[in-house]
Amino acid sequence: MPGFELWGEEERKEVNDVLETGILMRYGFDGPRKGIWKSKELEQAICKTFGAGYAQLTSSGTSALTTAMAALGIGAGDEIIMPSFTFVASFEAVLSVGAIPVLVDVDQSLTLDPEAVRNAITHKTKCVMPVHMCGSMADLDALQTICDEHDLILLEDACQSIGATYKGKYVGTIGDAGTFSFDFVKTITCGEGGVVMTNNESVYKKCDEYSDHGHDHLGVDRGADLHPYLGYNYRISELHAAVGLAQINKLHKFLEIQKKNHTQLKNILSQIPEISFRTIPDPEGDSCTFVSWFLPTEEITRAVVAEMKAQNILAGNFYWYDNNWHYIRKWNHLKESASMHPFSPELKQALHENVNKDFSPSDAIMSRCISTSISLLWTEQQIQEKGEKMLASIRKVLRDSTVSK
Ligand SMILES: Cc1ncc(COP(=O)(O)O)c(C=O)c1O
């Protein structure tokens with residue numbers, strides 16, 4: 001999914017603008033910065049590109065989630081319903097504001113199963129946080145309906161799905177707030193960075209304050225700013241924002257290439273009738289960072305992974321079921337509340353109950369799933385060769401499994 005693959009002159013030019021003034025901080029220093037405000041410019045570009053009312057840049061996608069939760073008033077004792085398949089950052093952010101991550105099953109969309117969300121609602125539920133995994137989206141209509149019925153906040157973790165749309169709107173701009181990550185391996189990158197988007201001015205204002213030690217940013221003199229709320233330092237630097245500014249101008253080109261390469265590879269894999277593909281609630285809106293596909297059983301899937309490894313073609317293919325970072329099965333640190341600083345007994349107890357559950361519906365899906373990441377650099381011929389090698393490995397395993405029956 002990486003914008004870093006098409007790095008060039010544009011990024012260097014934006015960074016050099018900042019280096020020439022020497023003002024690497026996004027706030028203040030109005031004189032010496034000579035009119036260079038890369039973070040502000042990138043926030044405006046984000047609003048324009050994605051149709052968000054407001055955008056607040058942060059130092060990472062993780063800090064964007066934390067900032068959004070704080071600004072939405074989510075905290076101690078609140079339950080946030082989130083999926084069993086995501087990156088660890090999603091629950092890290094929940095824990096960072098003292099809230100309780102309530103993990104529930106995913107369906108064939110590899111995102112929140114709306115029925116599982118319904119079943120997990122309690123009087124403590126404050127927020128539903130779909131994670132738009134691997135470039136595609138959750139069923140936002142179904143989740144919005146649930147949130148409306150139960151008066152819950154909808155916070156979209158769209159960190160992995162920059163440029164994906166749902167019914168004509170960009171994911172991350174549909175809920176009460178949404179976030180992107182601009183870390184090094186995202187569709188567009190700042191090196192490190194993130195953003196909170198919202199259409200609610202008061203939520204935006206709080207994000208602006210929270211991510212800069214609570215500064216109200218009303219004065220011209222930074223030292224004289226007041227601090228109505230406590231905050232932290234989750235600021236982005238001008239250097240990182242400069243990189244993002246060059247990258248956002250290339251977003252549509254990246255998406256176009258991704259879609260083209262994705263279509264070609266998916267068509268090749270479709271030749272095998274035993275393969276099925278992830279459900280996409282709005283297929284037009286897939287940002288196409290990955291092709292995610294299923295095999296009939298866990299045993300066959302494991303054998304295909306082993307065969308692709310033996311053929312030296314496993315790179316870029318992810319078997320999330322065994323992955324330490326993306327699926328509940330390997331999150332022992334979370335299951336054991338292995339925090340360096342003590343949690344309150346209430347949080348520890350609630351966490352224990354909510355993560356040490358049966359996730360067999362998720363297991364049944366994730367144990368059969370492989371996601372193939374799409375490169376911007378592939379030629380048509382390379383995709384053809386790659387696809388054919390994948391077909392050969394898959395067919396071999398399917399043949400062997402029929403013979404052994
Ligand atoms: C789903 C999801 N949420 C949050 C994050 C956190 O983003 P960052 O690495 O910028 O902190 C990531 C990063 O990979 C992610 O995949």
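A polar contact is a pair of N or O atoms within 3.5 Å; within protein, one atom must be able to donate a hydrogen and the other to accept it, and residues adjacent in sequence count only if both atoms are side-chain atoms. The model is predicted, so local features need pLDDT of at least 70 and side-chain atom pairs count only at pLDDT 80 or more, while totals for chains, interfaces and linings use all residues. Residues are numbered from 1 along each chain as its sequence is written, and side-chain values use heavy atoms, with hydrogens and water left out.

A polar side-chain atom of serine 181 lies 2.7 Å from an oxygen atom of the ligand. In the side chain of threonine 62, an N or O atom is 2.5 Å from an oxygen atom of the ligand. For aspartate 157, an N or O atom of the side chain is 2.8 Å from a nitrogen atom of the ligand. The ligand taken alone exposes 390 Å², of which the protein buries 92% (accessible areas come from the Shrake-Rupley method with a 1.4 Å probe; for residues, only the protein chains shown count as cover).

The ligand is surrounded by 15 residues, the closest being Gly61, Thr62, Ser181, Asp183 and Lys186; a residue is near a molecule or strand if one of its heavy atoms lies within 4 Å of it. The shell divides into 4 nonpolar, 8 polar and 3 charged residues (Ala, Val, Leu, Ile, Met, Phe, Trp, Tyr, Cys and Pro count as nonpolar, Asp, Glu, Lys and Arg as charged, and the others, Gly among them, as polar). Helix 3 (61-71) and helix 4 (89-96) each supply at least two residues of this shell; helices (H or I, at least four residues) and strands (E, at least two) are DSSP runs, numbered from the N terminus.

The axes of helix 3 and helix 4 come within 9 Å and cross at roughly 40° (axes are lines fitted to C-alpha atoms, for helices over the stretch in contact, and angles run from 0 to 180 degrees between N-to-C directions). Helix 3 and helix 4 are therefore oblique to each other; angles under 35 degrees count as roughly parallel, over 145 as roughly antiparallel, 65 to 115 as roughly perpendicular and the rest as oblique. Helix 3 also packs with helix 7 (residues 201-210), at an angle of about 125° and with the axes 9 Å apart.
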